[in-house]
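This briefing is meant for a reader who is meeting the structure for the first time. Please keep the sequence and the model in view while reading the points that follow.

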Amino acid sequence: PLMPVAHVELVFLLLQTGQPEKGLKHLRQAVELKPESSVAHRLLADALAAQQNYDEAQQHYHQAVESDSTNVAAHFGLARILVRQGQTSEATAHLRRLVALSPTNADAHQMLGEILQSQQKLLDALRHFRHALKLEPDSLPLQNNVAWILATHPNTEVRQIEEALRLSEQVSQRTNLTNPHYLDTLAAAYANAEQYEQAVTT
């Protein structure tokens, strides 16, 4: 019988040629052949998630991290589904494990920062956004996230208006002043810099 690696190569071919159901069939066979394989479970979970079969994908991501707690891709895939399902506490646990295993994973830092920001854990969120921004310095969403916290943090000692203005102006200019989310950040930065005319007209 085919070994899991051969299944994986065949799956990529099937997915690339628009045959996802056949690809899933071979991934399921790979899991049956080697049920202890973290990689096989993760690949099957990825394919299931791509088909929006999130419940079954979640099961296989769990099996992947149970088989190998250092499987970074499985932690990330599982966290994405958990966030989608509103299970942010468990998602946070997986993301913290992930960034400990892979500190240079900008996407994980960004997702973790977004969860923390939604929970009003702003300093922790800012730390992860800054870390991600060092890894992806051209990321507009990350620049905007950092600027928003620096412009609007309730503690005035945390606010850094000059940096918030620099980042928010840069992001808005790079998007030709067309993104309302980024413009909101720019307006907040102007307001807290007491540049009220610019804030109103932004």
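Which members of the largest nonpolar core touch the most other members? In this predicted model, that core holds 50 residues, and the ones that touch the most other members are Ala 57, Tyr 61, Leu 95 and Val 146. The largest share of the core comes from helix 3 (residues 38-50), which supplies seven residues.

**Overall make-up**

- The protein chain contains twelve helices and zero strands, and read from the N terminus its elements follow the order α-α-α-α-α-α-α-α-α-α-α-α.
- The protein chain has 202 residues, of which 46% count as buried.
- When contacts in the protein chain between residues at least 6 apart in sequence are considered, 43% of them join residues at least 24 apart.

- In soluble globular proteins, nonpolar side chains tend to be buried together.
- Ala 57, one of the core residues that touch the most other members, is in contact with Ala 45, Leu 48, Ala 49 and Ile 81 when residues up to four places away in sequence are not counted.
- Helix 4 (residues 54-67) packs with helix 5 (residues 72-84) at an angle of about 145°, and the axes of these two helices are 9 Å apart.
- The crossing in which helix 4 passes helix 5 is left-handed, and the residues of helix 4 that make the contact are Tyr 54, Ala 57, Gln 58, Tyr 61, His 62, Ala 64 and Val 65.
- On the side of helix 5, the contact is made by Ala 74, His 75, Gly 77, Leu 78, Ile 81, Leu 82 and Arg 84.
- Arg 80 also lies in helix 5, and this residue counts as partly exposed because its relative accessible area is 45%, between the cut-offs of 20% and 50%.
- Between Arg 80 and Leu 95, which are 15 residues apart in sequence, the C-alpha to C-alpha distance is 9.4 Å.

**Thr 92 in helix 6**

- Thr 92 is placed in helix 6 (residues 88-101), and because its relative accessibility is 10% it counts as buried, the cut-off being under 20%.
- The side chain of Thr 92 reaches the backbone oxygen of Thr 88 at a distance of 2.7 Å.
- With residues up to four places away in sequence left out, Thr 92 touches Leu 112 and Ile 115.

- His 153 is located in the loop between helix 9 (140-152) and helix 10, and His 153 is buried because its relative accessible area is 9%.
- A polar atom of the His 153 side chain lies 2.9 Å from the backbone nitrogen of Asn 155.
- Apart from its neighbours within four places in sequence, His 153 is in contact with Leu 122, Leu 123, Trp 148, Val 158 and Arg 159.
- Thr 175 sits in the loop between helix 10 (161-174) and helix 11, and because its relative accessibility is 17%, Thr 175 counts as buried.
- Thr 175 touches Leu 140 and Tyr 182, with residues up to four places away in sequence not counted.
- The C-alpha atoms of Thr 175 and Leu 140 are 8.9 Å apart, although 35 residues separate the two along the chain.

**Loop residues with positive phi**

- Most residues other than glycine have a negative phi, and most peptide bonds are trans.
- Gln 52, in the loop between helix 3 and helix 4, has a phi near 65°, which is a positive value in a residue other than glycine.
- Why does Gln 52 count as exposed? The reason is that its relative accessibility is 59%, and the cut-off for an exposed residue is over 50%.
- Glu 194, in the loop between helix 11 (180-192) and helix 12 (196-201), likewise is a residue other than glycine with a positive phi, near 60°.
- Glu 194 counts as exposed because its relative accessibility is 59%.

Key:
Residues are numbered from 1 along each chain as its sequence is written. This is a predicted model: local features need pLDDT of at least 70, side-chain atom pairs count only at pLDDT 80 or more; totals for chains, interfaces and linings use all residues. Side-chain values use heavy atoms; hydrogens and water are left out. A nonpolar core is a set of buried Ala, Val, Leu, Ile, Met, Phe, Trp, Tyr and Cys residues joined through side-chain atoms within 4.5 Å. Buried means under 20% relative accessible area, exposed over 50%, partly exposed in between (1.4 Å probe, protein chains only). Helices (H or I, at least four residues) and strands (E, at least two) are DSSP runs, numbered from the N terminus. Contact means heavy atoms within 4.5 Å. A polar contact is a pair of N or O atoms within 3.5 Å; within protein, one must be able to donate a hydrogen and the other to accept it, and residues adjacent in sequence count only if both atoms are side-chain atoms. Axes are lines fitted to C-alpha atoms, for helices over the stretch in contact, and angles run from 0 to 180 degrees between N-to-C directions. A crossing is left-handed if the near helix is turned anticlockwise from the far one by less than a right angle, and right-handed if clockwise.
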